[in-house]
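Q: I have a model open and want to learn how to read its features. Where do we begin?

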Amino acid sequence: MSEEGRFTIHLEQGEGFQIKAAFDWKRVPDLLMDEPPPLGEQQGPNASRMLAAAAANCLSASLLYCVFKEEPPADCLTAEATCILVRNERKRLRIGSLEIKLIVADVVKEAARFKRCKALFEDFCVVSASIREGIPMRVSVVDRQGEILHVSE
């Protein structure tokens, strides 16, 4: 696979298990990450939560871009990311799977491109497609009334 791009995020340990992540975009503030007790003080998200959020964010952006291209309407999508933690054969905690639910407003499901995009958007999400190579992921799209519009596994 050829390299298409590269970026570097700098991480610096502060107090205890707190890690400050400094991103390569000047306008993006640093992010404090931390572990839950008993290790850390839960002052910020841990890596597992960031992974789940990254998958949901990427899928959300991919669907919105496919449906609306340049500028999606405001407040037309929310998402839920569920991370299922399991223990492996050596009793080490691992991410067993992720469940991502995209909840769309009527303006999304009624858009002319939505039907076609349901079959395409997951494949264009860099993060979730990469995660799926090692972690099972279930993705669903529902409307705000709870009607299932798309499910994949």
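This is a predicted model: local features need pLDDT of at least 70, side-chain atom pairs count only at pLDDT 80 or more; totals for chains, interfaces and linings use all residues.

Q: Are Cys66 and Cys117 buried or exposed?

A: Read the relative accessible area against the cut-off: under 20% is buried. Cys66 is at 9% and therefore counts as buried. Cys117, at 0%, is buried.

Q: How many disulfides are there by the distance rule?

A: The count is 2. A disulfide also joins Cys58 to Cys125, with S to S 2.4 Å. Cys58 lies in helix H1, while Cys125 lies in the loop between H3 and helix H4 (126-131). These two are 67 residues apart. Cys58 is buried at 15% relative accessibility, and Cys125 is buried at 1%.

Q: What is the pairing when the bonded cysteines are numbered in sequence order?

A: The pairing is 1-4, 2-3.

Q: Which cysteine sulfur is nearest to Cys76, and how far away is it?

A: For Cys76 that is the sulfur of Cys117, 12 Å away, and Cys76 is in no disulfide. Cys76 is buried, with a relative accessible area of 2%. Cys83 is in no disulfide either; its nearest cysteine sulfur, that of Cys125, is 16 Å away. Cys83 counts as partly exposed, at 26% relative accessibility.

Q: Which residues touch the most other members of the largest nonpolar core?

A: In soluble globular proteins, nonpolar side chains tend to be buried together. Here the largest nonpolar core has 28 residues, and Leu59, Leu63, Ile100, Met137 and Val141 touch the most other members. At least two core residues come from each of helix H1 (47-68), strand E5 (93-104), helix H3 (114-118) and strand E6 (137-143). H1 gives the most, with 9 residues.

Q: What does the domain assignment give for the chain?

A: Domain 1 covers 1-44, and domain 2 covers 47-152. Their centres, taken over C-alpha atoms, are 23 Å apart.

Conventions
Residues are numbered from 1 along each chain as its sequence is written. Side-chain values use heavy atoms; hydrogens and water are left out. Domain bounds come from an automatic or database domain assignment. A nonpolar core is a set of buried Ala, Val, Leu, Ile, Met, Phe, Trp, Tyr and Cys residues joined through side-chain atoms within 4.5 Å. Buried means under 20% relative accessible area, exposed over 50%, partly exposed in between (1.4 Å probe, protein chains only). Helices (H or I, at least four residues) and strands (E, at least two) are DSSP runs, numbered from the N terminus. A disulfide is a pair of cysteine sulfur atoms within 2.5 Å.
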